[in-house]
Amino acid sequence: MLSRTADHLFWMARYTERAENTARMLDVNVQTALLPQSAEAAEQGWRAMLGISELLSAFDDKHGLLTAKDVLDFMVRDPDNPSSIVSCLTQARENARAVRGTLTTEVWETQNATYLDLQVKLRSGMLERDPSAFFEWVKYRSHLSRGVTIGTMLKDEAFYFIRLGTFLERADNTARILDVKFHGANPDAYADAHPNEEAQRDFYYWAAILRSVSAFEIYRKVYRDVITPERVAELLMLRGDMPRSLLACLEEVVNNLQHVRNDVSAGTERFAGRLHAELKFGNIEEILKDGLHDYLTQFLERIYELGNRVSRDFLVPLAA
């Protein structure tokens with residue numbers, strides 16, 4: 001397959017997944033903002049969410065004073081924000097259009113209809129009127145895109161590059177969601193000053209986090225007990241049967257790399273295999289003891305490196 005074609009397919013999938021993940025994160029914040037809390041706690045939650053995508057400085061440069069309305073506008077509509085839902089779905093459609101002949105009619109029409117319907121939804125005021133319904137629509141369109149891809153695409157290199165992009169993006173996002181909660185969204189000083197409020201908020205926040213990755217029912221089925229941060233971390237990191245866990249994502253990355261391997265990709269396969277093995281044989285108690293933030297920071301660095309290796313081995317045209 002031409003590296004240019006592989007690149008478009010890979011990024012079509014990444015942008016579609018990124019739009020869904022952005023919608024999931026925003027929905028969590030919209031829901032938790034409805035809980036009784038101080039203004040400083042609410043602002044901290046929005047700032048932590050911007051921090052997930054490393055967009056806090058870009059937002060501050062553009063808006064200065066933080067308001068929920070401005071954050072939603074920045075993360076949904078702003079074409080200058082490359083991680084906004086509008087930017088992601090526009091780029092997903094443009095990448096799909098560039099390789100229209102490689103996709104099935106159903107896959108292309110799903111991407112194109114999502115882009116066109118997005119403009120209608122935003123003009124109708126749906127985001128302002130019912131933000132949760134808007135985010136559900138974004139998630140549904142991403143699910144539809146994935147389902148149509150699996151249901152209609154020939155399982156050849158094009159299919160595997162799409163899947164590779166999906167799971168690299170998903171692994172990155174799951175790690176960010178976990179890291180911001182454990183490290184940034186719950187400062188000790190605030191917890192010490194408001195112990196009762198913090199304990200109540202924590203339960204609903206963890207429930208919202210689980211729902212944001214479609215894991216609330218899965219958590220209840222697996223653990224049949226109260227929600228604890230340690231078990232949430234274990235579920236979203238080390239459970240291979242949890243579809244959005246780090247382990248499940250790396251299993252898919254490793255499997256799809258095997259299907260597209262070439263003469264120069266052995267090092268990238270080994271790099272992905274080591275990261276997968278650490279998760280497969282990892283222990284949550286040891287990870288928490290050594291420091292979850294440090295572990296997730298290193299994981300994100302390695303996922304970024306893995307993405308660069310995939311780009312180098314498969315997506316960048318070889319110099320003449």
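In which helix is Asn29 found?

1. Asn29 is found in helix α1, which spans residues 3-32. The model under review is predicted, and the remarks below concern that model. The relative accessibility of Asn29 is 6%, so the residue counts as buried, the limit for this class being under 20%. Setting aside residues up to four places away in sequence, Asn29 touches Gly45, Trp46 and Met49.

2. Two of these partners, Trp46 and Met49, also belong to the contact that helix α2 makes with helix α4. The axes of α2 (residues 39-52) and α4 (residues 68-76) come within 10 Å and cross at roughly 15°. Angles under 35 degrees count as roughly parallel, and α2 and α4 are therefore roughly parallel to each other. Their crossing is left-handed. On the α2 side the contact is made by Trp46, Met49 and Leu50, and on the α4 side by Ala68, Val71, Leu72, Phe74 and Met75. By class, the residues of this contact comprise eight nonpolar, no polar and no charged.

3. The largest nonpolar core has 101 residues. Helix α9 (residues 157-184) supplies the largest share of this core, namely 13 residues. The residues with the most contacts inside the core are Ile85, Phe134, Phe135 and Met237. As a general point, nonpolar side chains in soluble globular proteins tend to be buried together.

4. Apart from its neighbours within four places in sequence, Phe135 is in contact with Ala23, Leu26, Asp27, Val30, Leu72, Val76, Ile85 and Leu127. Among these partners, Leu72 is also one of the α4 residues in the contact with α2.

5. Arg77 lies in the loop between α4 and α5. With a relative accessible area of 25%, Arg77 is partly exposed. When residues up to four places away in sequence are not counted, Arg77 touches Leu72, Ser84, Val86, Leu122, Leu127 and Glu128. Of these, Leu72 and Leu127 are also in contact with Phe135. The C-alpha atoms of Arg77 and Met12 are separated by 19 Å, with the two residues 65 residues apart along the chain.

6. Which residues does Tyr115 contact, leaving aside its neighbours within four places in sequence? They are Leu89, Thr90 and Arg93. Tyr115 itself is found in helix α6, residues 105-123. Between the C-alpha atoms of Tyr115 and Ala58 the separation is 25 Å, and these residues are 57 residues apart along the chain.

Conventions: Residues are numbered from 1 along each chain as its sequence is written. This is a predicted model: local features need pLDDT of at least 70, side-chain atom pairs count only at pLDDT 80 or more; totals for chains, interfaces and linings use all residues. Side-chain values use heavy atoms; hydrogens and water are left out. Axes are lines fitted to C-alpha atoms, for helices over the stretch in contact, and angles run from 0 to 180 degrees between N-to-C directions. Helices (H or I, at least four residues) and strands (E, at least two) are DSSP runs, numbered from the N terminus. Angles under 35 degrees count as roughly parallel, over 145 as roughly antiparallel, 65 to 115 as roughly perpendicular and the rest as oblique. A crossing is left-handed if the near helix is turned anticlockwise from the far one by less than a right angle, and right-handed if clockwise. Contact means heavy atoms within 4.5 Å. Ala, Val, Leu, Ile, Met, Phe, Trp, Tyr, Cys and Pro count as nonpolar, Asp, Glu, Lys and Arg as charged, and the others, Gly among them, as polar. A nonpolar core is a set of buried Ala, Val, Leu, Ile, Met, Phe, Trp, Tyr and Cys residues joined through side-chain atoms within 4.5 Å. Buried means under 20% relative accessible area, exposed over 50%, partly exposed in between (1.4 Å probe, protein chains only).
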